[in-house]
Structure formats: structure tokens, C-alpha cells
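Here's a quick tour to read alongside the sequence and the 3D view. Have both open as you go.

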Amino acid sequence: MATSDNNRRKFIATTLQSVGLTALGGLLWSGYSDEVKASALVLRPPGAIKEEDFLKACIKCGLCAEACQNRETNIDRHTGLSKAGTLQMAKGGDHQLIGTPFFVPTEVPCYMCEDIPCVPVCPSGALDQLSVSNEAGELDINKSRMGLAVVHKESCIAFWGIQCDACYRACPLLGEAITIEMHRNERTGKHTFMLPIVHDTVCTGCGLCEAACVTEKPAIFVLPNEIAKGVAGDHYVKGWDKADEARIENAKAEETVTELSKEGTAAGYLNSGDLY
Ligand code: SF4
Ligand code: SF4
Ligand code: SF4
């Protein structure tokens with residue numbers, strides 16, 4: 001009788017353990033899935049390929065983050081101590097896919113190193129050296145598109161009429177990625193609004209502007225390109241832009257060629273009305 005009680009106790013204990021482990025596994029998995037789902041706003045290192053492909057290509061080796069952490073400029077010239085680098089490898093709770101590199105501009109922005117040490121060390125192609133190289137094949141950090149800075153007009157004090165150009169001055173592409181537009185302040189009648197305007201063909205998404213913004217929560221912030229940018233659609237044409245008009249003409253010509261080539265097929269023959 002005692003043996004049968006022991007067996008039953010053992011059975012219940014084992015069952016509870018398995019249930020516990022399964023539940024724990026479930027919790028860990030759901031946590032992991034949440035990290036994956038929560039990654040839409042993540043900012044990747046320079047040269048990162050499209051996020052969807054990046055997640056498949058990145059082997060989570062951490063070489064880019066290591067290269068970034070070991071930059072010479074991370075060493076304080078006076079104390080010889082190392083300062084925090086830009087790239088971090090995601091761990092549980094970072095709301096990014098665990099083990100992948102990312103950065104948070106308000107913590108440490110990307111300093112747009114001229115030699116881009118983080119990119120050539122990537123062994124998997126997740127960071128594409130060509131995308132950050134110029135026509136001469138030299139590394140050119142200005143070609144990187146880590147994201148796009150967006151200004152929230154309602155919280156940017158320059159849009160209130162208060163003079164502020166902290167973001168403009170912090171931008172390494174001074175006067176190109178952000179320009180200041182002057183507008184008369186009709187409310188006071190005697191002042192000028194000096195408004196920061198971001199240019200998406202130049203902004204690299206380094207986040208130096210976000211880190212420098214004077215408001216309590218930055219009024220300028222970097223978003224991944226897919227989120228920051230809209231898409232007008234192919235059917236809208238810029239009437240004043242010859243290249244855009246040519247795009248429509250080319251598309252029409254392509255359609256005609258496709259139609260003509262269909263006529264040469266069996267289906268084209270059947271539809272030509274030449275059957276007697
Ligand atoms: S460019 Fe420099 S600061 Fe920016 S991520 Fe690469 S190593 Fe770090
Ligand atoms: S993210 Fe900001 S600082 Fe960096 S290039 Fe763009 S506008 Fe300039
Ligand atoms: S630093 Fe911030 S508040 Fe100042 S102009 Fe730039 S976005 Fe506006």
C-alpha cells in the first residue's frame with residue numbers, strides 16, 4: 001500500500017514538473033515571440049539590408065557591435081576610459097529580436113564614423129558594404145540610410161516661435177539633411193519662425209539630432225524608413241518633373257510591348273479573330 005502511495009506521489013510530482021516546464025517553455029516562447037513582434041521600430045547599423053532579410057541573414061555574432069564598442073573615439077582622451085558605443089546586441093527585455101544589433105539614439109546615437117568599422121566585419125552580408133560605398137568603391141557613411149528623422153511640429157519649440165536650432169547644429173550633414181526655413185510670424189507680426197526641415201534624400205538616420213533636441217521628449221526622432229515614409233502610388237505623376245513623366249511613358253510603352261508579345265502566343269492567336 002505504501003509503495004502504491006509513493007508511486008502515486010512520484011507520478012503527480014513528475015506530471016506537475018512537466019506541466020511546469022511546459023508552462024515555463026510557453027512563457028519563454030511567448031516572450032521570445034513578443035520580442036520578435038515588437039521589433040518594427042528598431043534602428044539597425046549602417047548598411048543593414050531590408051529588415052525582413054536582415055533577420056534571416058544576421059547570424060548574431062556581435063562583430064559589428066564589438067567593432068563599434070572598440071572605436072578609437074570611444075576612448076576618453078583624458079581618462080583613457082572607454083565610453084559606451086552605439087551598437088548594442090539585443091537581450092531579453094530590449095523589445096528587439098534577441099541577439100541582433102540595434103541602437104537607440106537617445107542613449108548613444110551613431111557618430112557616422114568615416115571608416116564605418118561596424119560594416120566590413122559583418123561575415124554574413126546582413127550589413128551590405130556596397131550600400132555604404134560611393135561610385136569609386138570607397139566606404140561613404142553619408143550613403144547609409146539607418147532611418148529618417150521626423151519632426152513633431154506640435155512639440156518642436158521652433159514651431160512655437162521660440163528660437164532653437166539644436167538639431168540643425170548637431171547634424172553632421174549641416175545645412176543638407178536639416179535646413180532652416182524662415183517664415184514670418186503672423187501672430188506677433190514682428191518675429192520670424194525658424195523651422196527645422198528634414199530632407200529625406202540626405203538624412204542618414206544617425207540620430208544625432210534626436211540626442212541633441214532640447215525638449216523633454218525629443219521633438220525630432222528617427223524612425224525606420226519603412227515607417228517614416230509614405231508611398232504615393234504609381235498613378236500619381238509630378239507634372240512638373242520630366243523624369244516622372246518619362247516613368248509613365250515608359251510604363252505605357254512596356255504595356256504595349258507586353259500586349260504585342262501576347263499576340264504572338266497561342267492565346268494571342270486564338271483571340272485574334274483569324275480563325276475560320
Ligand atoms: S558608424 Fe561608427 S558609431 Fe555608427 S554604428 Fe558604425 S561603428 Fe558605431
Ligand atoms: S538623423 Fe538627424 S542628425 Fe542624422 S543626418 Fe538625419 S537629420 Fe542629420
Ligand atoms: S532641437 Fe528639438 S525643439 Fe529645437 S528645433 Fe530641433 S526639433 Fe525643434
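The notes below cover the fold, one hairpin and the ligand surroundings.

## Ground rules

This is a predicted model, where local features need pLDDT of at least 70, side-chain atom pairs count only at pLDDT 80 or more, and totals for chains, interfaces and linings use all residues. Residues are numbered from 1 along each chain as its sequence is written, while chains are lettered from A and ligands numbered from 1 in the order in which they are written.

## Overall fold

The chain has eight helices and six strands, counted as DSSP runs (H or I, at least four residues, for helices; E, at least two, for strands) and numbered from the N terminus. In sequence order they run α-α-α-β-β-β-α-β-β-α-β-α-α-α.

Of the 276 residues, 24% are buried, meaning 20 or more other C-beta atoms, placed from the backbone, lie within 10 Å of the residue's own. Among contacts (C-beta atoms, placed from the backbone, within 7 Å) with a separation of 6 or more, 65% link residues 24 or more positions apart.

Strands β4 (residues 178-185) and β5 (residues 191-198) pair antiparallel through eight bridges; pairing takes at least two DSSP bridges. H183 has F193 in β5 as its bridge partner. Five residues sit between the two strands, and G189 in this hairpin has a positive phi near 80°.

## Around the ligands

Ligand 1 is surrounded by 16 residues, with C68, T86, C110, C113 and C118 the closest. For ligand 2 there are 15, and C171, A177, C203, C206 and C209 are the closest. To be included, a residue needs its C-beta atom, placed from the backbone, within 6 Å of the molecule.

The ligand 1 shell has 13 nonpolar, two polar and one charged residues.

Key. Buried ≥ 20, exposed ≤ 12 C-beta atoms within 10 Å, placed from the backbone. Contact = placed C-beta atoms within 7 Å. Nonpolar A, V, L, I, M, F, W, Y, C, P; charged D, E, K, R; others polar.
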